[in-house]
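Please look over the model below before reading my comments.

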Amino acid sequence: MKTYSCETHIDHALDMHVAETENFPMMDLLSEEEKLSTTCSYCEQSATYVVSSK
């Protein structure tokens, strides 16, 4: 499971990951190239982080 998140929605993305997978989430910064082509899963802003399982 991968969720892309902006600065505003990162707390929500982490909470949802734990609730849905019951696993500790991994949070990584996207590269500048990835930021340009990836939007947040919760709004239309550019994503800054990817939340995933280990």
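The points below go from the model as a whole to single residues.

1. Basis. This is a predicted model, in which local features need pLDDT of at least 70, side-chain atom pairs count only at pLDDT 80 or more, and totals for chains, interfaces and linings use all residues. Residues are numbered from 1 along each chain as its sequence is written, and side-chain values use heavy atoms, with hydrogens and water left out.

2. Confidence. pLDDT is the predictor's confidence in each residue, from 0 to 100. The chain averages 95, and 100% of the residues score at least 70. Confidence is lowest in H2, with a mean of 92. It is highest in E3, at 97.

3. Fold. The chain has two helices and three strands. Their order along the sequence is β-α-β-α-β. Helices (H or I, at least four residues) and strands (E, at least two) are DSSP runs, numbered from the N terminus.

4. Dimensions. For 54 residues, a compact globule would have a radius of gyration near 10 Å; the chain agrees, because its own value is 10 Å. The radius is taken over C-alpha atoms, and the globule rule is 2.2 Å times the number of residues to the power 0.38. Along its principal axes the C-alpha trace spans about 30 × 20 × 15 Å.

5. Surface and contacts. The chain exposes about 3,800 Å², of which carbon and sulfur atoms supply 49%. Areas come from the Shrake-Rupley method with a 1.4 Å probe; for residues, only the protein chains shown count as cover. Of the 54 residues, 30% count as buried. Buried means under 20% relative accessible area, exposed over 50%, and partly exposed in between (1.4 Å probe, protein chains only). Contact means heavy atoms within 4.5 Å. Among contacts with a separation of 6 or more, 60% come from residues 24 or more positions apart.

6. Strands E1 and E3. These two run antiparallel and are joined by four bridges. Two strands pair if DSSP finds at least two bridges between them. In a regular strand the side chains alternate between the two faces of the sheet. E1 (residues 2-5) has Thr 3 and Ser 5 on its covered face. Lys 2 and Tyr 4 are on the uncovered one.

7. Ser 52. This residue lies in strand E3 and is the bridge partner of Lys 2. Ser 52 counts as buried because its relative accessible area is 12%. Leaving aside neighbours within four places in sequence, Ser 52 is in contact with Met 1, Lys 2, His 17, Pro 25 and Met 26.

8. Thr 38. Look at the loop between helix H2 (32-37) and strand E3 (49-52), where Thr 38 lies. Its relative accessible area is 15%, so Thr 38 is buried. A polar atom of its side chain lies 2.7 Å from the backbone oxygen of Glu 34. Beyond neighbours within four places in sequence, Thr 38 is in contact with Tyr 4, Leu 30, Gln 45, Ser 46 and Ala 47.

9. Glu 22. Check this one by eye. Glu 22 lies in the loop between helix H1 (10-21) and strand E2 (26-29). Its phi is near 60°, a positive value in a residue other than glycine. Glu 22 counts as exposed because its relative accessibility is 69%.

Conventions
A polar contact is a pair of N or O atoms within 3.5 Å; within protein, one must be able to donate a hydrogen and the other to accept it, and residues adjacent in sequence count only if both atoms are side-chain atoms.
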